[in-house]
Amino acid sequence: MTQNSVKIAVTGGMGSGKSAVCGFLRAEGYPVFSCDEIYAELCANPQFLQKISANFGDVLTSDGALDKKKLANKVFGDKNLLKKLEEITHPAIMHQLFKRASLRGLNFCEVPLLFEKGFQKYFDAVIVVLRDKNERIAAAVKRDGSDEKSVVLRMQNQIDYDNYDFTKYYVINNAGNLDNLKEKTKEILCLINKSL
């Protein structure tokens, strides 16, 4: 085991199964940090919510919590608003992520928009979870309780996972059941540990 801190990003399109892969890594005893979990923590911070409200208007519920669906509906149809949201959220999320992922040995970080935002250069290695697009759409609809149209709209803000060059990265093809995905995750873990 390396004495240094090694940061490995886990990414993939919406509904690809990256959270399941991270669950398997956690079960193997590795520290796993999630951008989505950090974002959820930020959304409980009154100062952060004030900033969001000041920039995006009526996006809070009556009890002062963030109405994520309302915010998503505003930004995913407007490139400028989406850019503004990312300028507020991404630096705060990545700052927290790197602060936490500095333990000795392997630190896995679930980063949804890794390639879109050029974050891959900050990691020692990257695991990409790939899955058939229609299966991804169906999984995201089921998970989020969203309609297909809004899932497809959100996917348009991601890279084209079917045609991107992933030759420099570790790739897991999620084409079977969860047991199959678990085995593939273990295989990648072995490769990563051998490379250290």
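Here are legends for close-up views of a predicted model. Local features are described at pLDDT of at least 70 and side-chain atom pairs at pLDDT 80 or more, while totals for chains, interfaces and linings use all residues. Numbering starts from 1 along each chain as its sequence is written, and side-chain values use heavy atoms, with hydrogens and water left out.

**View 1. The largest nonpolar core has 35 residues.** A nonpolar core here is a set of buried Ala, Val, Leu, Ile, Met, Phe, Trp, Tyr and Cys residues joined through side-chain atoms within 4.5 Å. Buried is under 20% relative accessible area, exposed is over 50%, and partly exposed is in between (1.4 Å probe, protein chains only). The members touching the most other members are I52, L71, L97, V111, F115 and F123. Helices (H or I, at least four residues) and strands (E, at least two) are DSSP runs, numbered from the N terminus. With six residues, α5 gives the largest share of this core. Apart from it sits another core of 19 residues, and V21, Y30, F108 and I172 are among them.

**View 2. Zooming in on L97 and its contacts.** Contact means heavy atoms within 4.5 Å. Setting aside neighbours within four places in sequence, L97 is in contact with F33, C35, I38, C109, V111 and F123.

**View 3. Helices α2 and α5 cross at roughly 115°.** Their axes come within 9 Å. Axes are lines fitted to C-alpha atoms, for helices over the stretch in contact, and angles run from 0 to 180 degrees between N-to-C directions. The crossing of α2 past α5 is right-handed; that is the label if the near helix is turned clockwise from the far one by less than a right angle, with anticlockwise giving left-handed. On the α2 side you'll find C35, I38, Y39, E41 and L42, and they meet T89, A92, I93, M94, Q96, L97 and R100 in α5.

**View 4. Helices α6 (residues 133–144) and α7 (residues 148–155) pack together.** Here the angle is about 120° and the axes are 9 Å apart. That makes α6 and α7 oblique to each other; under 35 degrees counts as roughly parallel, over 145 as roughly antiparallel, 65 to 115 as roughly perpendicular, and the rest as oblique. This crossing, too, is right-handed. K133, R136, I137, A140, V141 and D144 in α6 meet E148, V151, V152, R154 and M155 in α7.

**View 5. A9 and S5 in strand β1.** A9 is buried, at 0% relative accessible area, whereas S5 is partly exposed at 27%. Strand β1 covers residues 5–12. Leaving out residues up to four places away in sequence, A9 touches C109, V111, L114, F123, A125, V126 and I127.

**View 6. Two cysteines, C22 and C190, neither in a disulfide.** With a disulfide taken as a pair of cysteine sulfur atoms within 2.5 Å, the count comes to zero. For C22, the nearest cysteine sulfur is that of C109, 8.8 Å away. C22 is buried, with a relative accessible area of 1%. For C190, the nearest cysteine sulfur belongs to C22, at 17 Å. C190 is partly exposed, at 47% relative accessibility.
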